[in-house]
Amino acid sequence: MGMMTEERDEFRPIEWLTSGKVRFLDQTLLPADEAWVETDDYRVVADAIRRLQVRGAPLIGISAAYGLALAARSIDEADVPAFRSRLRKAAEELAATRPTAINLQWAIDRILRLIEDMTEIGQMRDAIVADARRIHDEDVRANRTMAEHGAALLEKGGAALTHCNAGALATGGYGTALGVLRKGWEQGAVTQVYATETRPLLQGARLTVWELQRAGIPVTLITDTATGSVIKRGLVSEVVVGADRIVANGDVANKIGTYQLAVLAREHDIPFYIAAPTSTIDLSIANGDAIPIEERSPEEVTNVKGVATAPSRTEAANPAFDVTPARYIAAIVTERGVARAPYEESISALFQDKVETRG
Ligand code: MRU
């Protein structure tokens with residue numbers, strides 16, 4: 001029960017309200033404004049995922065689950081096959097919002113599987129709402145366990161570098177990579193965090209710095225282009241980042257710019273860690289080449305907050321993610337334990353253990 005209380009006290013960027021609505025923090029407005037959106041319309045949630053009002057792999061999955069719960073409550077069909085077909089349409093709409101983070105499809109599949117054999121609409125509605133809330137609670141719990149596993153790996157008294165935002169704002173609460181760093185700071189292992197800006201949408205500057213300041217953890221913001229110099233000068237003991245999709249051989253998709261950090265970490269002989277829940281693991285893909293990479297609007301690169309920073313008609317490429325090959329990764333920290341190379345074996349073992357401990 002102590003754990004539950006702790007979880008509930010935690011800042012959560014989204015919540016299910018007893019009124020049957022969802023409330024989420026609009027992350028596009030941070031750090032200037034802390035504005036919450038309340039809705040009972042799943043299409044508002046789908047749009048929020050697309051526009052990055054809610055973002056970060058685990059939070060995208062949780063939001064889609066709540067979106068499906070809103071859809072189930074609003075579909076007014078009395079006929080089971082008609083209800084199912086409209087629910088499936090809502091699920092497809094939610095699944096199509098962003099392509100890279102596997103947590104989105106994972107959450108939707110889990111809910112659809114749960115109601116597969118149910119025959120009553122009321123029962124399905126209740127089950128979907130309950131499971132969406134469970135997915136949320138499980139994520140926060142996973143983050144806290146992951147933080148313990150991850151903090152144990154950190155060098156005592158060092159500074160860590162992180163990229164993008166893998167904190168409470170990217171999850172159900174507490175955070176993945178930032179959860180590890182929070183725990184490391186509490187235990188005295190991490191003395192300081194370097195946060196990259198994370199162009200083009202500045203999740204590091206806007207969100208990670210906001211979170212770490214609120215937590216009272218010393219944070220230094222650097223541009224993405226300063227990372228090589230900061231690491232070369234020996235200012236960083238390790239790099240810890242999150243993930244959008246981890247595949248069977250241990251290759252990892254994460255925010256654009258992650259790959260170059262992994263290469264730098266190798267060059268300068270410091271460990272590069274991934275922290276992510278097992279809901280981010282996609283065993284259906286053998287290696288990173290097959291991960292779909294979201295290509296976002298060129299305007300995000302040619303403009304900063306609506307102000308042009310390049311000549312008009314500039315052609316810009318804007319891949320939102322890159323893939324870090326497993327060979328650069330010192331360890332993948334999950335709530336079920338720490339996986340190390342060879343990853344084919346260690347990642348599949350995470351799932352075998354689950355079956356055993358549940359039995
Ligand atoms: O485009 P975003 O902001 O959704 O990208 C987020 C990231 O790349 C995070 O590092 C990743 O989702 C892990 S979040 C715990």
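Predicted model: local features only at pLDDT ≥ 70, side-chain atom pairs only at ≥ 80, totals over all residues.
1. Helices (H or I, at least four residues) and strands (E, at least two) are taken here as DSSP runs, numbered from the N terminus.

2. The ligand is surrounded by 18 residues. Arg 55, Ala 57, Arg 98, Asn 254 and Lys 255 are the closest of them. By residue class, the shell around the ligand has seven nonpolar, seven polar and four charged members.

3. Two secondary-structure elements, helix 3 (57-74) and strand 9 (252-255), each contribute at least two residues to this shell. At the level of domains, the ligand lies between domain 1 (8-143) and domain 2 (147-357), because both give residues to the shell around it.

4. For Lys 255, an N or O atom of the side chain is 2.7 Å from an oxygen atom of the ligand. For Asn 254, a polar side-chain atom is 2.8 Å from an oxygen atom of the ligand. For Gln 203, the distance from a side-chain N or O atom to an oxygen atom of the ligand is 2.9 Å. On its own the ligand has 420 Å² of accessible area, and the protein covers 100% of it.

5. The ligand's location can also be given in terms of cavities: the ligand sits in the largest cavity.

6. Two peptide bonds deserve a check by anyone preparing the model. Arg 199 and Pro 200 are joined by a cis peptide bond, with omega about 5°. Pro 200 belongs to the loop that runs between strand 5 (190-196) and helix 8 (203-215). A cis bond also leads from Ala 341 to Pro 342, where omega is near 0°. Pro 342 is in the loop between strand 16 (337-339) and helix 12 (343-358).

7. Which residue other than glycine has a positive phi near 70°? The residue is Leu 52, and its place is the loop between helix 2 (42-50) and helix 3.

8. For context on the last two points, most peptide bonds are trans, and most residues other than glycine have a negative phi.

Note on methods: Residues numbered from 1 in each chain as written. Heavy atoms only, no water. Near = heavy atom within 4 Å. Polar contact = N/O pair within 3.5 Å; in protein donor to acceptor, adjacent residues only side chain to side chain. Areas by Shrake-Rupley, 256 points an atom, 1.4 Å probe, with all protein chains shown as cover. 1 Å grid on protein atoms, 1.4 Å probe; cavity = no way out; pocket = protein on both sides within 12 Å on 5 of 7 lines; lining within 4 Å. Sits in = over half its atoms within 2 Å of the grid points. Nonpolar A, V, L, I, M, F, W, Y, C, P; charged D, E, K, R; others polar. Domains from an automatic or database assignment.
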